[in-house]
Amino acid sequence: MDSFIQQLINGITLGGIYALIALGYTMVYGVIQLINFAHGEFFAAGGYVGVIFLSFFTGLGYMETHPIFCLTASFALAMMYCAYLAIGVEKIAYKPLRKEARLAALLSALGVSIFLSNGLMLTQGVYDKAYPSELFQGGFSFGIITIGYLQVLIVCLTGALLVALNLLVFKTKIGMAMRATAQDKTMSALVAIGSNKIISLTFGIGAGLAAAAGIMVGLYYGSVRYDMGFLPGIKAFSAAVLGGIGNITGAMLGGLIIGMVEIFGAGYISGEYKDVFAFIILIGVLYFKPTGIMGENIDDTRV
Amino acid sequence: MSKKNFSIMAMALLTTLFIISAASAESLKIGSMSPLTGPYASDGTDIKNGVLTAIEVFQKQEGGIPGYDKIELFPQDDVCDPRNAVAAANKLINLKVVGVIGAYCSSCTIPASETLDEAKIVMITPASTNEQVTDRGLPYMFRMCGRDDDQAPAAAKFMKESLNAKTIFIIDDKTTYSQGLADGVSKNCKALGMNVVTHDHVNQGDKDFSAVLTKVKAANPDILYMSLQGYSPAALMSIQAKRMGIASQIVTQDAVFQPKFMEVAKEASEGVYLTYGFTDPTTPEYKAFEQIYVPKYGKIAAYATYAYDSTIALLKAIKAAGSTDPDKIKAELMKLDFNGASKHVKFKENGDSGSSYIAFKVVKGEFVPYWEPTKGLIK
């Protein structure tokens with residue numbers, strides 16, 4: 001029982017990270033029906049920007065005196081950087097292809113993914129980059145169960161970002177414009193919604209969330225590497241599909257499910273097949289419900 | 001085919017031939033094969049750097065090889081993927097290299113050596129420790145590092161005698177190397193009367209080990225044996241084990257012998273034990289290697305030293321043979337008997353050069369020799 005609760009906490013932490021990345025896939029798909037395969041690379045870039053700033057602050061000694069400020073600043077800068085990176089990528093690699101067949105943009109996305117990951121390798125090197133580790137070590141212990149401070153931070157921050165995103169999409173004018181663009185670009189243009197702006201914004205927000213996930217992964221696991229975006233990217237994509245691609249709540253749910261299945265699969269059945277379990281669930285759900293768990297009315301309420 | 005097309009093709013072919021012959025007249029070509037991209041890029045890059053250092057030192061100390069202006073390296077990237085390794089081997093055959101240093105992963109060395117063997121090209125692996133590398137009886141396959149069936153008993157003996165271990169939890173990542181070694185350690189531990197609680201597996205490229213570590217914590221073994229390929233997953237697992245409050249001693253193996261391990265795992269690396277071949281860092285041969293390597297590439301890592309020695313051995317043999325005939329090179333390799341940077345190099349009949357596994361302990365961010373199979377603790 002004790003280790004069950006521990007595994008549950010592990011699963012929520014991992015699932016939260018997948019959920020944050022999955023949102024980027026689902027939002028972009030919602031607006032322009034493109035699977036942005038370069039999304040995992042924004043996650044990796046976020047992790048790198050985070051380590052650069054955190055090491056910089058640690059070097060200056062600010063980390064000890066103002067830890068909250070340094071952390072907030074690193075998150076903000078990394079999210080902003082990745083948002084602009086994503087907007088740039090959209091302008092260069094996807095926008096010119098928007099009128100072409102969907103396959104063209106998809107291939108372009110794959111190309112951008114390879115380009116960015118190799119770019120990271122060339123500029124940052126092939127070795128792991130260590131995060132300053134003094135941050136938030138230790139945790140709460142209840143008998144055999146240990147909840148790291150970082151796990152608490154990740155879960156809280158993930159929760160806060162998800163709530164903020166929901167408010168943005170469903171309660172503000174910008175969100176309304178996003179939903180309108182997702183439903184019908186021509187029609188929303190007629191009521192003076194600039195679709196280019198909205199698409200840029202969507203890419204920016206998605207990449208920003210991925211960057212936040214990147215820093216959290218770096219903090220939690222202690223290091224980042226240039227190819228770290230690939231595997232979580234694939235998992236998060238599966239999470240988005242599982243939840244119903246295009247649906248924000250679905251992506252969150254999908255992320256949590258994939259994270260949980262992976263942890264419980266490894267914890268109770270066998271560690272070597274944990275990815276298999278995640279994909280069995282995916283295939284199972286898609287077999288009975290091809291639009292994903294929440295993807296009921298894919299034509300009306302996607303973002 | 002029209003006449004015009006044919007003549008263009010003939011011209012193109014002739015030009016290529018001309019370029020190839022012009023190039024081979026002045027430079028001796030050797031190849032290296034290691035993962036330069038992908039999850040093991042760092043270890044593969046260390047190997048390439050070791051080979052480059054050896055070429056530089058050899059040219060300086062021995063004045064190169066008579067009849068050639070320079071020694072040219074063709075580094076190939078195998079991504080630690082058997083398919084890429086065979087493709088790289090074929091590419092090296094087409095480049096007409098005289099010898100190959102590589103590969104890193106046992107799963108690459110084994111298929112690539114079959115291909116290279118058909119073309120009669122000498123291959124010296126600096127890093128593949130799986131028994132199958134030399135046990136297949138390929139005539140042109142040599143190995144500079146140790147063997148896993150020497151490493152596993154050494155590790156088991158160390159855990160039994162020095163750490164007084166009774167229970168052990170083994171985790172491997174399902175690569176040819178890590179699984180082979182983990183099976184060996186498991187077998188040897190059982191033979192010594194230790195209890196192997198669980199032998200679990202993770203996947204290559206995993207970052208999150210919380211699920212398997214929760215199992216370790218519940219089992220509370222004396223030893224957590226991490227059979228992982230590369231320092232990176234080992235560092236991640238050490239960090240997560242420490243964070244979870246696992247009290248077991250961590251023991252790991254040669255692939256983790258990389259200063260980056262301590263850089264990433266920091267305090268979580270303290271007190272971790274690992275088995276690795278003994279290298280005396282005070283010999284003049286090691287110093288010669290260090291002098292060139294460190295300023296260019298930084299701290300010396302796991303297989304850079306073995307890659308260096310492999311290259312020196314190959315070049316010495318080519319020079320002594322006075323030709324690029326594979327059988328002459330092989331004969332000269334068998335005759336070699338010299339002090340390398342990592343150890344004394346003398347190849348056996350099967351291509352192995354002996355193992356010298358000892359246990360190291362991480363103390364204050366350094367690998368410190370800790371225990372020796374025959375003499376016990378090292379003071």
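Hi everyone. Let me begin with a definition: two residues are in contact if their C-beta atoms, placed from the backbone, lie within 7 Å. Helices (H or I, at least four residues) and strands (E, at least two) are DSSP runs, numbered from the N terminus.

What you see above is a predicted model, where local features need pLDDT of at least 70 and side-chain atom pairs count only at pLDDT 80 or more, while totals for chains, interfaces and linings use all residues. Residues are numbered from 1 along each chain as its sequence is written, and chains are lettered from A and ligands numbered from 1 in the order in which they are written.

Let's start with chain A. Its secondary structure comes to 12 helices and four strands. The radius of gyration, taken over C-alpha atoms, is set against the globule rule, 2.2 Å times the number of residues to the power 0.38. For chain A the radius is 19 Å, close to the 19 Å that the rule gives for 303 residues, so chain A is as compact as a globular protein of that length. In chain A, 53% of the 303 residues are buried, where buried means that 20 or more other C-beta atoms lie within 10 Å of a residue's own, with C-beta atoms placed from the backbone.

Now, where do the two chains meet? Chain A brings 27 residues to the contact and chain B brings 33. On the chain B side, α8(B) gives the largest share, seven residues. That side divides into 12 nonpolar, 11 polar and 10 charged residues. Here Ala, Val, Leu, Ile, Met, Phe, Trp, Tyr, Cys and Pro count as nonpolar, Asp, Glu, Lys and Arg as charged, and the others, Gly among them, as polar.

Next, chain B itself. An automatic or database assignment sets the domain bounds: domain 1 of chain B is 3-145 + 282-345, and domain 2 is 149-271 + 357-377. The centres of these two domains, taken over C-alpha atoms, are 31 Å apart. Between them, 13 residues of domain 1 of chain B are in contact with 16 residues of domain 2 of chain B.

Let's look at a sheet in chain B. Two strands pair if DSSP finds at least two bridges between them. Five strands form an open, parallel sheet in the order β2-β1-β3-β4-β5 (chain B). Lying across β1, β3, β4 and β5 of chain B is α4(B), which runs at about 160° to β4(B).

Strand β6(B) runs parallel to β8(B), joined by five bridges, and B:Ile170 has B:Tyr225 as its partner. Four bridges join β8(B) to β9(B), also parallel, where B:Met226 partners B:Thr252.

Notes. Axes are lines fitted to C-alpha atoms, for helices over the stretch in contact, and angles run from 0 to 180 degrees between N-to-C directions. A residue is buried if 20 or more other C-beta atoms lie within 10 Å of its own, exposed if 12 or fewer, and partly exposed in between; C-beta atoms are placed from the backbone.
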